[in-house]
Amino acid sequence: MSLAKWPKIDVTADRTYPVFLGASLEELGEYLHLQFEDVEHILVISHQIVAELYSERLKKGLLDYRVNLLTVPAGETEKSLERLAQLTTAALRCDADRKTLVIALGGGVIGDLAGFFASVFMRGIRLIQVPTTLLAQVDSSIGGKTAVNHPAGKNILGTFYPPLAVWTDFSTLESLPWEEVENGLAESIKHAIIADRDLFEFFEKEEKSIKLREKSIWGEMVTRSSAVKVKIVSQDEREQGVRGLLNLGHSFGHALETEMNYRGVTHGQGVSIGIIAATHLAYAKGLMTSAEIDRVKRLLNTYGLPTEIKGQDPEALLQRMQSDKKNLGGRKILILPKGIGQAIVSKECTDLEILAAWKQVIT
């Protein structure tokens with residue numbers, strides 16, 4: 001039996017691992033048998049709704065293993081040290097040990113939380129990411145970032161912990177509510193803005209097919225967007241250079257999420273607003289035209305993503321950005337688009353310029 005039956009892209013970083021595209025949940029057990037002879041115990045970490053939808057399908061291929069399912073409530077607030085401690089207690093009650101394999105079954109929150117748990121439990125146990133949302137499939141499951149939140153900011157506590165594999169089943173996208181689709185679209189459009197102008201044009205051209213969830217178009221969308229992430233991560237796994245470009249919109253978006261206590265704005269909505277704030281900064285620095293800003297704004301709005309927010313205090317949001325983990329030496333490090341299809345890392349944005357950008361997206 002060969003691994004060639006599953007289409008994949010390899011992340012070629014410090015430790016190469018595959019991102020399987022269009023594999024089925026039921027076949028994961030077959031892959032484990034082929035690759036890992038010493039796995040006996042598996043912890044599937046998910047949240048209740050995802051587990052109800054997909055855990056039985058996943059477990060069909062895991063009949064030869066001792067499997068325990070651990071569920072946590074949904075929501076960004078679950079990425080906490082308190083929840084990590086509860087997972088640890090539950091894992092020990094399941095007799096988890098250093099040879100236990102963790103399967104993160106869910107979206108970005110589960111991927112971050114389960115990944116962080118795997119990275120620190122008994123100093124690190126094996127991990128496979130099984131992303132079930134668009135955001136997780138095109139972005140957060142790839143690249144080995146794991147984290148939990150802190151009152152000072154999002155993802156302040158985390159590790160770089162690459163999975164053994166990313167196992168992507170496109171069929172899990174069929175059940176997503178559109179709000180969850182938007183989260184992934186924000187990241188996919190971000191990929192297009194920073195590195196793939198043709199992908200940006202694909203989003204413009206295929207609006208109707210994407211909204212109708214045509215399977216072939218969705219498969220192409222996930223594959224092309226994942227390829228951008230894989231290429232960048234393969235060049236810079238630990239974010240010392242080019243990987244920073246993937247943070248376009250995130251310094252603004254994370255500040256907004258934190259200020260709003262992760263309620264009232266989703267991650268994708270925060271990133272979308274953050275992208276537009278970054279385009280205004282880019283315009284001020286001569287990196288974008290007003291026509292390009294309008295084009296980006298129009299595409300985000302086309303898919304229901306917001307490009308402004310009501311009633312926020314720009315000074316408070318600027319203060320939130322002080323604790324962004326990308327900052328160095330007290331200087332804010334921001335990603336700015338350079339037209340459509342390129343981006344740069346900027347260390348030269350002043351607080352006044354950032355405030356002006358916030359004011360462009362606050363009504």
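Two strands count as paired if DSSP finds at least two bridges between them, and helices (H or I, at least four residues) and strands (E, at least two) are DSSP runs numbered from the N terminus. The model is predicted, so to speak of local features takes a pLDDT of at least 70, while side-chain atom pairs count only at pLDDT 80 or more and totals for chains, interfaces and linings use all residues. Residues are numbered from 1 along each chain as its sequence is written, and side-chain values use heavy atoms, with hydrogens and water left out.On to the sheet: seven strands make an open sheet with mixed pairing, in the order S1-S2-S9-S6-S5-S3-S4. Strands S1 (8-11) and S4 (66-72) sit at the edges with a single partner strand each, so one side of each has no neighbour in the sheet. From one strand to the next, the twist averages 20° (angles run from 0 to 180 degrees between N-to-C directions, with axes fitted to C-alpha atoms, for helices over the stretch in contact). S3 (residues 41-47) and S5 (residues 101-106) run parallel and are joined by four bridges; here Ile42 stands opposite Leu101 in S5.

H4 (residues 108-120) lies across S3, S4, S5 and S6 (126-131), at about 170° to S5. H9 (residues 215-235) lies across S1 and S2 (17-21), running at about 20° to S1.

Note on methods:
Contact means heavy atoms within 4.5 Å.
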